[in-house]
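Me: I would like to learn how to read a protein model step by step. Could you take me through one, giving the general idea before each case?

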Amino acid sequence: MGAASGSLIAFWLLTYDNADPAASSSPPRHMESPLPATPAPKDPSPPPAGRTNRPQPGVPDPPLPEIPGTGVLRQGDSGHGVYELQVRLLQIPGIYDGGPIDGRYDAEVRAAVTLFQHRFGIRGDEGGVYGDNTRYALMLRTR
């Protein structure tokens, strides 16, 4: 929600929410002076003359920063991303039944990922490796 939207909500709450409908039948009071306009944020460094900030055709987007729980996971990895993977694998019957949720990508997790990939026809990721295609397919089937 932007600053302007927040200001409008605050204005509404101050103006209309404080009016006691049982005490008066007069219209709600309004503020005498308008709220100041919030200036748009300024770009600290404008592009050089003749260039824009828009992406150029054929130039790949810069890589996104790593977000915990994303990226390729494989046997030997550990941490929050593996924990999330284990929680999701448990939601698919017959894939990781009774497997531990300990944040360690061990042989049991690798076998569960491989089984999931085979059962749902996931291609594009190495067998037993939790890559982008496997992540997408698992996220579609779990919460």
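**Reading a helix and its surroundings**

Reply: Let us begin with one face of a helix: the side of α4 turned away from its buried side carries the exposed residues Asp132, Tyr136 and Leu140. Here buried means under 20% relative accessible area, exposed means over 50%, and partly exposed lies in between, with a 1.4 Å probe and protein chains only. This is a predicted model, in which local features need pLDDT of at least 70 and side-chain atom pairs count only at pLDDT 80 or more, while totals for chains, interfaces and linings use all residues. Residues are numbered from 1 along each chain as its sequence is written, and side-chain values use heavy atoms, with hydrogens and water left out.

Me: Which residues of helix α4 are buried?

Reply: The general idea is that an α-helix has 3.6 residues a turn, so residues three or four places apart point the same way. In α4, which covers residues 132-141, the buried ones are Thr134, Arg135, Ala137 and Leu138. Seen down the axis of α4, these buried residues fall within an arc of 170°, so they line one face of the helix; the arc is that of the directions from the helix axis to the C-beta atoms.

Me: What do the buried residues of α4 pack against?

Reply: They pack against α2 and α3, where contact means heavy atoms within 4.5 Å. Thr134, which lies in helix α4, counts as buried because its relative accessibility is 1%. Leaving out residues up to four places away in sequence, Thr134 touches Val113, Phe116, Gln117, Ile122, Asp125 and Val129.

Me: How many helices and strands does the chain have?

Reply: Helices (H or I, at least four residues) and strands (E, at least two) are DSSP runs, numbered from the N terminus. The chain has 4 helices and 0 strands, giving the pattern α-α-α-α along the sequence. Of its 143 residues, 22% are buried.

Me: Where is Thr142, and which residues does Thr142 touch?

Reply: Thr142 sits in the segment after α4, and it counts as buried because its relative accessible area is 11%. Not counting residues up to four places away in sequence, Thr142 touches Arg88, Gln91 and Ile92.

Me: Is Gly94 buried, partly exposed or exposed, and what is Gly94 in contact with?

Reply: Gly94 is found in the loop between α2 and α3, the latter being residues 107-119, and it counts as partly exposed because its relative accessibility is 36%. Leaving aside neighbours within four places in sequence, Gly94 is in contact with Leu115 and Arg119.

Me: Where is Tyr83, and is Tyr83 buried or partly exposed?

Reply: Tyr83 is found in helix α2, which covers residues 80-90, and it counts as partly exposed because its relative accessibility is 39%.
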